[in-house]
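Dear colleague,

Please find the structure below, with its sequence. My notes on selected contacts and aromatic pairs follow.

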Amino acid sequence: RKQMIRKQIDRRTLLGGAASLAAAASLCNCGLGNSARAADGVQPMLPSLKPGAPRLEPVNFQLVGPGGTALSLSTMRGRPFVLHLWATWCPPCRLELPALNTFIEKTGSTVPVIPVAVASPMPKVMVFLAQGNLPHIAPWTLGQHEFSQWFTAGEPSLPMTCVIDAQGRLRASVEGEMAWTAPESQASLEKILSDLQPAKPA
């Protein structure tokens with residue numbers, strides 16, 4: 001009987017949708033052996049994140065943090081930034097986050113990076129970050145539905161790193177692990193974001 005109850009629970013979990021295995025299958029395909037990891041492990045900032053023409057609608061996510069705190073990405077208007085999307089259930093994300101944590105610790109606000117856990121319940125995010133000793137990865141979360149409504153350019157894979165311009169528009173995106181700890185990474189991202197700064201009035 002215990003086995004039958006367990007099967008029923010598993011079936012309800014599978015059918016639950018937003019924060020379950022369905023999210024993992026649609027965003028990462030991790031369970032299918034088709035992760036977003038590059039053949040050589042990581043990808044360089046340039047030319048991978050070289051900005052192109054604006055795509056998609058301006059990003060207006062309302063991120064949720066611990067204790068019901070919130071951050072609207074519309075408050076970033078006027079300043080280009082990097083949006084990094086990950087998930088607790090995505091193996092390539094787990095491999096990449098320590099390097100991103102080191103990068104954020106080193107650069108601080110010089111290179112604004114906003115990490116966001118997609119389709120990942122807050123309790124799991126908090127436990128994961130604590131166990132991984134990742135104090136510089138801010139515990140912001142976003143539902144799969146909200147992300148999918150914005151990212152309409154196909155089925156994405158996680159991890160994903162996006163360059164957002166001063167108007168909130170997507171200018172570049174890369175799926176897979178980035179070379180956060182490479183010697184040139186900080187300078188590369190500083191240049192990418194600097195080139196997207198609005199021209200000051202004469």
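The side chains of Ser72 and Ser74 are joined by a polar contact of 2.7 Å (a pair of N or O atoms within 3.5 Å; within protein, one must be able to donate a hydrogen and the other to accept it, and residues adjacent in sequence count only if both atoms are side-chain atoms). This is a predicted model, in which local features need pLDDT of at least 70 and side-chain atom pairs count only at pLDDT 80 or more, while totals for chains, interfaces and linings use all residues. Residues are numbered from 1 along each chain as its sequence is written, and side-chain values use heavy atoms, with hydrogens and water left out.

Ser72 counts as buried at 18% relative accessibility (buried means under 20% relative accessible area, exposed over 50%, partly exposed in between; 1.4 Å probe, protein chains only). Beyond its neighbours within four places in sequence, Ser72 is in contact with Phe61 and Gln62 (heavy atoms within 4.5 Å).

The structure holds six aromatic pairs (rings of Phe, Tyr and Trp, the last by its six-membered ring, with centres within 6.5 Å; planes under 30 degrees apart count as stacked, over 60 as edge-to-face and the rest as tilted). Phe147 and Trp150 form a tilted pair, because their ring centres are 6.3 Å apart and their planes lie at 55°. Both residues are buried. Phe147 also pairs with Phe151 in a stacked arrangement, with 5.8 Å centre to centre and 10° between the planes. Phe151 is buried, with a relative accessible area of 7%. Phe61, Phe147, Trp150 and Phe151 form one aromatic cluster.

Yours sincerely
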